[in-house]
Amino acid sequence: MGSGIAQVAAQAGHRVILLDESPSALENSAKQLCHVADRLVEKGQWTDEFSDQVQQAIVRTTDWNDLSVADLVIEAIIEDLSAKSDLFIRLESTVSQRTVLASNTSSLSLTAIAGKLQFPERFLGLHFFNPAPLMKLVEVVPALQTNPEHMLAAKRLMIDWGKEPVTAKD
C-alpha cells in the first residue's frame, strides 16, 4: 500500500521519500513501479519522460533521518494499534513540528493514536483504498484532536492528487 501511495504522490509531481527498514522491500517497490510504468507506457497512458519523472521522484531509504524534511508523512504499516502508536511516537522525534502525520488505517482509533503524541493536533487519517493508484476515493478522517486546518489542507491535497476525498468519522 505504501508503494502505491508513493506512486500517487509522485504522479502528482511531488518528491517522495519512501521509508522501509527492509532494503529488499524497497527494492521490490522499485521493481514493481518499473513494471507498472512499463505497462502504462506500452498502453500509451504514460510517456517515457513521465515514467522517468515518476520513478525518479521517489527516493527509497532505510534512514529515518531522511524524513526530517517531510511536510507530510503517511503511514501504511500493519493494522496494529501498538505498532502504529510506536511508529508515530518515533516519527515525532524525527520530523519537524510543522510536519503533518497521517495514518492509512481503516479500522483503528485515530484518537487513541493521537492521544499518545506530543502534538496530536497535526495527526489525521488518510485512508486510501487498494490499489491506491487506481481507486479514486480517499477517506480523510480527523481524530478528536486534529486541527481543522489540517483537514482542509489534506482534502485539497487529495484533490490535487486526482483523488475524491470524503470526510469519515474515526
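A residue is called buried when its relative accessible area is under 20%, exposed when that area is over 50%, and partly exposed in between (1.4 Å probe, protein chains only). The model described here is predicted, so local features need pLDDT of at least 70 and side-chain atom pairs count only at pLDDT 80 or more, while totals for chains, interfaces and linings use all residues. Residues are numbered from 1 along each chain as its sequence is written, and side-chain values use heavy atoms, with hydrogens and water left out.

Helices and strands are DSSP runs numbered from the N terminus (helices: H or I, at least four residues; strands: E, at least two). Helix α2 covers residues 23-42 and includes S29. S29 counts as buried because its relative accessibility is 5%. Leaving aside residues up to four places away in sequence, S29 touches S3, L18 and R60, where contact means heavy atoms within 4.5 Å.

Side chains of opposite charge can pair when their charged atoms come close. A salt bridge is defined as a side-chain nitrogen of Lys or Arg within 4 Å of a carboxyl oxygen of Asp or Glu. By that criterion the whole structure has 6 salt bridges. One of them joins the side chains of E27 and K31, at 3.3 Å from N to O. E27 and K31 are 4 residues apart in helix α2, so about one helical turn separates them. E27 is partly exposed, at 47% relative accessibility, and K31 is exposed, at 52%.

Another salt bridge links the side chains of R98 and D71, with an N to O distance of 2.4 Å. R98 lies in the loop between α4 (81-92) and β4 (100-103) and D71 in the loop between β2 (58-61) and β3 (72-75), so this pair ties together parts that are 27 residues apart in sequence. D71 counts as exposed because its relative accessible area is 53%. T99 is also placed in the loop between α4 and β4. T99 is buried, at 0% relative accessibility. With residues up to four places away in sequence not counted, T99 touches A70, D71, L72, V73 and R122.

The side chains of E79 and K84 form a salt bridge as well, at 3.4 Å from N to O. Salt bridges that share partners join E75, E79 and K84 into one network.

Helices α2 and α3 (48-57) each supply at least two residues of the negative patch. The largest share, 3 residues, comes from α3. D48 counts as exposed because its relative accessibility is 54%.

The backbone has one further feature to inspect in a loop. The peptide bond from N130 to P131 is cis, with omega near 0°. P131 is in the loop between β5 (123-128) and β6 (137-142).
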